[in-house]
Amino acid sequence: MNSTIISLVPISAIHSFRQQQQSIVSVGTISMDVKLNDDVLTHSNESLKKSKWEVCFYHTESYNENAVQQGAIGFLKYYQESEYREETCIASVALKTEVFNQLLVNLQSKRLPSQMLFTVKELEYGALPDGDQIIWNVQDMSNAPILEVEFQFHFYF
């Protein structure tokens with residue numbers, strides 16, 4: 001099965017936690033509003049670049065049983081515009097403790113990743129030779145498996 005890399009740039013991030021009984025326990029959620037670096041088109045040639053894009057990272061060993069069976073760490077989901085929601089694409093990913101904590105430490109130090117690269121199954125590269133165009137058949141595959149995520153941080157000295 002083909003896989004494609006999508007580049008997302010974080011705009012803002014939120015870490016959520018709650019109190020459970022007598023201790024504060026992280027529910028392990030980091031949510032980010034992001035912008036799309038590449039142009040992702042539907043099979044009907046409509047661009048998803050102006051759609052709302054979000055990423056949710058969960059502090060857990062696996063996303064769900066369906067993801068495990070597909071060798072995925074999460075899913076890229078497409079939601080059509082409706083009276084309740086604008087057209088939205090959401091990447092939901094399970095991060096193991098070490099990766100989640102490293103991301104959280106960087107966010108707490110006010111460092112957003114400069115870029116996040118998601119390797120996603122069920123998407124294809126378009127006709128452009130530089131790979132900047134990606135085709136996503138949202139009608140047939142509105143939940144595309146995410147195989148890998150890479151965080152890139154730039155440090156300026």
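So, a search over the whole structure turns up five aromatic pairs. To pair, rings of Phe, Tyr and Trp (its six-membered ring) need centres within 6.5 Å; planes under 30 degrees apart count as stacked, over 60 as edge-to-face, and the rest as tilted. Quick caveat: this is a predicted model, so local features need pLDDT of at least 70 and side-chain atom pairs count only at pLDDT 80 or more, while totals for chains, interfaces and linings use all residues. Residues are numbered from 1 along each chain as its sequence is written, and side-chain values use heavy atoms, with hydrogens and water left out.

Strands here are DSSP runs of E, at least two residues, and helices are runs of H or I, at least four, numbered from the N terminus. Phe57 is buried at 0% relative accessible area, and Phe118 is buried too, at 2%. Buried means under 20%, exposed over 50%, and partly exposed is in between, with a 1.4 Å probe and protein chains only. Phe57 and Phe118 also form one aromatic cluster with Phe151.

Next, Tyr78 and Trp136. Their ring centres are 6.1 Å apart and the planes sit at 75°, so this pair is edge-to-face. Tyr78 is in strand β5 (residues 74–79) and Trp136 in strand β9 (residues 133–136), so the pair ties together parts 58 residues apart in sequence. Tyr78 is buried at 13%, and Trp136 is buried at 0%.

Now the helix. Helix α2 (residues 97–108) has twelve residues and reaches 16 Å from its first C-alpha to its last, close to the 16 Å expected at 1.5 Å a residue. That expected span is 1.5 Å times one less than the number of residues. Which residues of α2 are buried? Phe100, Leu103, Leu104, Asn106 and Leu107. They cover an arc of only 160° around the axis, which puts them on the same side of α2; the arc is taken over directions from the helix axis to the C-beta atoms. On the face turned away from that buried side, α2 carries the exposed Glu98 and Gln108. After α2 comes Lys110, with a positive phi, near 65°.
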